[in-house]
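Visitor: I'd like to learn how to read a structure like this one. Could you walk me through it, a feature at a time?

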2 protein chains.
Amino acid sequence: MLARVLPYAKNLAQEIVRPGDTVVDATCGNGHDTKFLSELTGPDGHVLSFDIQSEAIENARELCSPAVNIEFILDSHANVDDYLSGRPVKAGMFNLGYLPKGDKTITTEYRSTIRAIEKLFRSMVPGGRIIIVVYHGHPEGKLEKEALTSALAEWPQKESQILEYRFINQKNDAPYILCIEKNSKK
Amino acid sequence: MLARVLPYAKNLAQEIVRPGDTVVDATCGNGHDTKFLSELTGPDGHVLSFDIQSEAIENARELCSPAVNIEFILDSHANVDDYLSGRPVKAGMFNLGYLPKGDKTITTEYRSTIRAIEKLFRSMVPGGRIIIVVYHGHPEGKLEKEALTSALAEWPQKESQILEYRFINQKNDAPYILCIEKNSKK
């Protein structure tokens, strides 16, 4: 069966992340991706998990306990480079939109999303991936989707391949994937 | 590495086609997909390979020789149901556009493409796939892409999942994939 969006997003990470890698969960939310990345990278790995809501970080911390390879960061992912200390990043995951079951007026916002993606890309190893699940059912989500797609469509093919993986006959603005893969050096 | 469009199209067929299956190459062209499908289905399989240009069929026949499981059909894929004799189909492949190195004024055309897809879908087994590589660099290709996308976006989710697999930062109207998967019965 064709992989659905959420399993496919995980699969895109699983294909490349190895024990010991440094990875970023740019939108910690309730911590499901953080937990998944923590398991993939193992005790020698590093997961940097960002959220601007302490409620999210508390929930995630509880979900992920007792994992020891996660650094929870109560800050915008747009500041990701302040926390990397020069470590090369293998993968980054974004779930755009609002915190599930949280305050729906607090959403990711295209300017900081794009800034975070640009910074993450610069810190990424060749072959690394930024995996973005785009939720666009809310007004800010529509804006974000448009701005993000326009920006990424201009990224040079020499540096990255940017995949869109989307089911076109789903109703209700179903989420879809954008995956940026950094080219290997020739 | 993220699978590029042409390997991914083959992969979508390979995942489901088994020896003995009946499959359709709706756009024989120079016969590369026909040969590929012939190998996947093996001596007990059936490949129906359509083209409206005898030049294409001749080239393909030469490429695929001495395979015995291929029926070359000099007719429009829009008449696919006339040739199936009620056999259930596992997969169909389309490469839209014109014959590579052939007459660029002879192209697939959205009305017959959509008709062929609808007929093929009705003959398809649950879990079967129609894999379409959309070339849209020529004027009729742009029309075809728009018409096809609009039509497929309305197909009910209860009957099929329709995936778009596309690299959004490629120049020159790079081809992309649409894959229709017929739902399994619940």
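This is a predicted model: local features need pLDDT of at least 70, side-chain atom pairs count only at pLDDT 80 or more; totals for chains, interfaces and linings use all residues.

Visitor: How many salt bridges does the rule find across the interface of chain A and chain B?

Guide: Two salt bridges turn up there. Polar contacts across that interface come to 14 residue pairs, both partners at pLDDT 80 or more.

Visitor: Which elements give two or more residues to the side of chain A that touches chain B?

Guide: They are α1 (5–14), α6 (139–153), β6 (160–167) and β7 (176–182) of chain A. The largest share, eight residues, comes from β6(A). By type, that side of chain A divides into 15 nonpolar, six polar and seven charged residues.

Visitor: And how do I read the size of an interface?

Guide: It is often given as the accessible area lost when the parts come together. Here, about 2,500 Å² is buried between chain A and chain B, with carbon and sulfur atoms giving 51% of it. L2(A), I168(A) and N169(A) supply 29% of the area that chain A buries against chain B, more than any other three residues. As for residue counts, the contact takes 28 from chain A and 28 from chain B.

Visitor: Let's turn to cysteines. How many disulfides does a search of the whole structure find?

Guide: Zero, over all chains. The idea is to check the distance between sulfurs, with a cut-off of 2.5 Å. C28(B) has its closest cysteine sulfur in C64(B), but that is 6.8 Å away, so the two are too far apart for a bond. C179(B) is in no disulfide either, and its nearest cysteine sulfur, that of C179(A), is 19 Å away.

Visitor: Are C28(B) and C179(B) buried or exposed?

Guide: Under 20% relative accessible area counts as buried. C28(B) has 3%, so it is buried, and C179(B), at 0%, is buried too.

Visitor: Can we try that on a residue in a strand?

Guide: Take V89(A), which is found in strand β4 (residues 89–95) of chain A. V89(A) has 0% relative accessibility and therefore counts as buried.

Visitor: What is V89(A) in contact with, leaving aside its neighbours within four places in sequence?

Guide: Its contacts are T22(A), V23(A), V24(A), L84(A), L120(A), S123(A), M124(A) and V125(A). Look at V125(A) in particular: it sits 36 residues from V89(A) along the chain, yet their C-alpha atoms are separated by 6.0 Å.

Terms used. Residues are numbered from 1 along each chain as its sequence is written. Chains are lettered from A and ligands numbered from 1 in the order in which they are written. Side-chain values use heavy atoms; hydrogens and water are left out. Buried means under 20% relative accessible area, exposed over 50%, partly exposed in between (1.4 Å probe, protein chains only). Contact means heavy atoms within 4.5 Å. Buried area is the accessible area (1.4 Å probe) that two parts lose on being put together, summed over both. A salt bridge is a side-chain nitrogen of Lys or Arg within 4 Å of a carboxyl oxygen of Asp or Glu. A polar contact is a pair of N or O atoms within 3.5 Å; within protein, one must be able to donate a hydrogen and the other to accept it, and residues adjacent in sequence count only if both atoms are side-chain atoms. Helices (H or I, at least four residues) and strands (E, at least two) are DSSP runs, numbered from the N terminus. Ala, Val, Leu, Ile, Met, Phe, Trp, Tyr, Cys and Pro count as nonpolar, Asp, Glu, Lys and Arg as charged, and the others, Gly among them, as polar.
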